[in-house]
Amino acid sequence: MPTARRSRTLAAPPERVWGIVGDPHHLPRWWPRVTRVEAVTAEHFTEVLTTEDGRSLRADFRVVDSRAPERRAWEQEVQGTPFEKVFAASTTEVKLLPDGEGTRVTLVVRQQLRGSARMGGFMVRRATGRVLDEALQSLEALHGP
């Protein structure tokens, strides 16, 4: 199961960082390729993503854990979607730990690949790592170095 993990310390307290990462409405501000979020409830949300060729794509998620201001995790609902061809499961986790006067943010994505996609686990892990790096850069820009 490919797992990508990245961490960075931000110059903001956990409660302030949680204000961004704990609310799906803010995903377009920091998560790559998300242009908007729809149908947000305490348990679910839908991301509207833009592909490299400019098409819109919807991805539905279920919140599996949310403990302010320390951890939030969500799982993509892949059954019956175009993502089902590649993924059997995909979970994203955000962990926040106090670090001096700032916050250590750790992003983890675990993906279970399906079919022939399993052969490219290292490529999926590398590409996902780049997405996590970009997400952390955006969070840092919102909260300072």
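Mentor: Let us begin with the largest cavity: helix H1 (14–21), helix H2 (27–30) and E5 each supply at least two residues of its lining. Helices (H or I, at least four residues) and strands (E, at least two) are DSSP runs, numbered from the N terminus. The model is predicted: local features need pLDDT of at least 70, side-chain atom pairs count only at pLDDT 80 or more, and totals for chains, interfaces and linings use all residues. Residues are numbered from 1 along each chain as its sequence is written, and side-chain values use heavy atoms, with hydrogens and water left out.

Trainee: What makes a space a cavity, and what makes it a pocket?

Mentor: On a 1 Å grid over the protein atoms alone, a cavity is a set of points where a 1.4 Å probe fits but cannot get out, whereas a pocket is an open set with protein on both sides within 12 Å along at least five of seven lines; lining residues have an atom within 4 Å of a point. Grid points are joined across faces, edges and corners, and a volume is the space filled by probe spheres set on the points. A search of the whole structure finds 1 cavity of 30 Å³ or more, and the largest cavity holds about 30 Å³ of space.

Trainee: Which residues line the largest cavity, and how do they divide by class?

Mentor: The lining consists of Ile20, Val21, Asp23, Pro24, Leu27, Trp30, Phe45, Arg72 and Trp74. Ala, Val, Leu, Ile, Met, Phe, Trp, Tyr, Cys and Pro count as nonpolar, Asp, Glu, Lys and Arg as charged, and the others, Gly among them, as polar. By that rule the lining has 7 nonpolar, no polar and 2 charged residues.

Trainee: How much space lies in the largest pocket, and which element gives the largest share of its lining?

Mentor: The largest pocket contains about 840 Å³ of space. It is lined by 26 residues, and those closest to its centre are Arg33, Phe83, Phe87, Gln111 and Val131. H3 contributes the largest share, 6 residues.

Trainee: Which residues have the most contacts inside the largest nonpolar core?

Mentor: They are Trp30, Trp31, Val105 and Leu107, in a core of 32 residues. Helix H3 (residues 121–143) gives the most to this core, with 5 residues. The name "nonpolar core" denotes a set of buried Ala, Val, Leu, Ile, Met, Phe, Trp, Tyr and Cys residues joined through side-chain atoms within 4.5 Å.

Trainee: How is Ala39 classed at 57% relative accessibility?

Mentor: At that value, Ala39 counts as exposed. E2 and E3 form a hairpin with 5 residues between them, and Ala39 in the turn has a positive phi of about 50°.

Trainee: How do you know that E2 and E3 pair?

Mentor: Two strands pair if DSSP finds at least two bridges between them. E2 and E3 are joined over 4 bridges, and they therefore pair, in the antiparallel sense. The bridge partner of Arg36 in E3 is Val48. Strand E3 (residues 44–50) also runs antiparallel to strand E4 (residues 56–67), with 7 bridges, and Phe45 stands opposite Phe61 in E4. E3 is mostly covered, as 5 of its 7 residues are buried.

Trainee: Over how many bridges do E4 and E5 pair, and where is Pro69 placed?

Mentor: E4 and strand E5 (residues 71–76) pair in the antiparallel sense over 6 bridges, with Glu75 in E5 as the partner of Arg62. Pro69 is placed in the loop between E4 and E5. A cis peptide bond joins Ala68 and Pro69, with omega about -15°.

Notes
Buried means under 20% relative accessible area, exposed over 50%, partly exposed in between (1.4 Å probe, protein chains only).
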